[in-house]
Each structure stands twice: as structure tokens, then as C-alpha cells.
Amino acid sequence: MFSERPIRSFKRKEGDNGATPPRSALADAASINKPLTHMYEISDHAEFERDCLAIALAMTVDHMASIGNRLAPTQILHLAEFHDHRLPHLPLQQFVFEFSRNSDCSSAALAFALVYLSRFCCYFPLPVVTSSTVHRMLLTCLVLAIKFVDDRVMLNAHYATIGHVTLHHLNRCENLVLKRLGWSLFVNKGEYGHSRMALDGIVQLDVSRIFKILSQFRQDQTVPLCLAVSAEHEESVDIEDDSIVSENF
């Protein structure tokens, strides 16, 4: 299951049947805010793109949660693992921003996570994404997306630490989502293209707000990225190594 590489195949066929998201979306946005882009010490815009998409993903899922707060029952018993009865100490936008940077995930993984979350929600007659479930549901989908899409992944202990949950809790949430998804994480070109273009569209439509959020988060960030991970969480494992499947699931 984890040996497939749909993203690599997708990139080689860029432009095929219109599924590829427009490459100019973030480039155009960056051109109108040079001071912010100068904060990124990289030769290309990969990190800047990832951070923008992380904020766009958080805004999208936050909107889903606001709808769920009005329509969903107080608690769905068989989803109790995702409920956080305490008020989350991080706003969702900051949570996703910090997780994406400390996990060093790809932009593609963010789009995949949105697909997984949408699929998961389709299995329930009422909205399941609410303010009390949104952090853990999105965290779980992000971890699964990283494992499926990115070439190298870290141990679940690291994802649990930066996701502010216990390792046991994250493992249980992963199993619940995987069962609902039928243990299938494959995303076709159309699904990926739709998810990616939706996130790019949010960046273009609300670019000023996203740049303001990014500027604030980057100024407040005092901990280095994944380079500052503690020794026991620093170990990276190639995604094709079968040991990562048995250990993390």
C-alpha cells in the first residue's frame, strides 16, 4: 500500500487533462508581498508555498467546524477518540502551521489530508468536524497523508509530540480513520487536482489575510523547525521500510 507513488507520476505528467493546479497561483501572490517572501531563506518558493497552503487548509477545515458546531450532536459516541473536552490551546491555523513546519511535510501532503478528511466525513449522516474534534481529525489525516505521499517520514512519537496528543491516542485515531477509509489512501489525479486548486484558490482570494497570519506566526516562532527535534524523535525512516507500517499502526 505504501509503495505506490502517485505524486511522482502526477508530476511527470504535469498538465495532463487539466488536473494540474495552476503554478502561478502562489507566485502571483508572492509578487505583491516581497517583504514576506524575503523572510524565507530558500532559493525556491517550496517552503513559502507549503506555509500558505497550510493556512488555507486550516481556514477550510475551520469553516467545516463552524458548520458542524451548529448541526452536529454534542458528541458522537463512536468518535469519542477525536473529542477534546478542553478548549484547544492553539487556534487551528497556528496548529496546522506549526505541525506542517515541524513535520517538514510537503505541499502535496496538505492537499491529500483534505481529501482524506472529506472522505472520512462522507461516512456519517451528520457533520463530525466540530470545534472539539477538528484538531485531532485533521492531525490524523495529516499524518496519514505524510506517510503515503512523502518520501521520508518520522516516527509516530514525533507526530504525537508536535500534535499535542499521546502516542497511544494518535495510533487509535489512525486506526479509526483507516478503517473508515477502507484502508485505502490512494488519491487519483482528479481528487488531488480539485483539492489543490481549492487551497490555491483560497490563497488567491484571501491573500492579504494569509500573509498577515504568516508574518505573525513566523515572528512568534522561536523553536527551529524539525532540526530541533529531540534525539529520540529525530530518527527518520524511509517510507518503503516495512517496519514503519507495523510500528505506527
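Modeller: **Two packed helices**

Helix H4 (residues 46-71) packs against helix H10 (residues 189-205) at an angle of about 95°, and their axes lie 9 Å apart. This is a predicted model: local features need pLDDT of at least 70, side-chain atom pairs count only at pLDDT 80 or more, and totals for chains, interfaces and linings use all residues. Residues are numbered from 1 along each chain as its sequence is written, and side-chain values use heavy atoms, with hydrogens and water left out.

Helices are DSSP runs (H or I, at least four residues), and strands are too (E, at least two), numbered from the N terminus. Axes are lines fitted to C-alpha atoms, for helices over the stretch in contact, and angles run from 0 to 180 degrees between N-to-C directions. H4 and H10 are therefore roughly perpendicular to each other (65 to 115 degrees).

Now the contact itself (heavy atoms within 4.5 Å). From H4 come Glu49, Cys52, Leu53, Ala56, Leu57, Met59 and Thr60. They meet Arg196, Leu199, Asp200, Ile202 and Val203 in H10. Eight of the residues in this contact are nonpolar, one is polar and three are charged. Here Ala, Val, Leu, Ile, Met, Phe, Trp, Tyr, Cys and Pro count as nonpolar, Asp, Glu, Lys and Arg as charged, and the others, Gly among them, as polar.

Step back to the whole chain. The protein chain has twelve helices and two strands. Of its 249 residues, 52% count as buried (under 20% relative accessible area, 1.4 Å probe, protein chains only). Residues 24 or more positions apart make up 85% of the contacts in the protein chain with a separation of 6 or more.

Terms used:
Parallel < 35°, antiparallel > 145°, perpendicular 65-115°, else oblique. Buried < 20%, exposed > 50% of the residue type's maximum accessible area, 1.4 Å probe, protein only.
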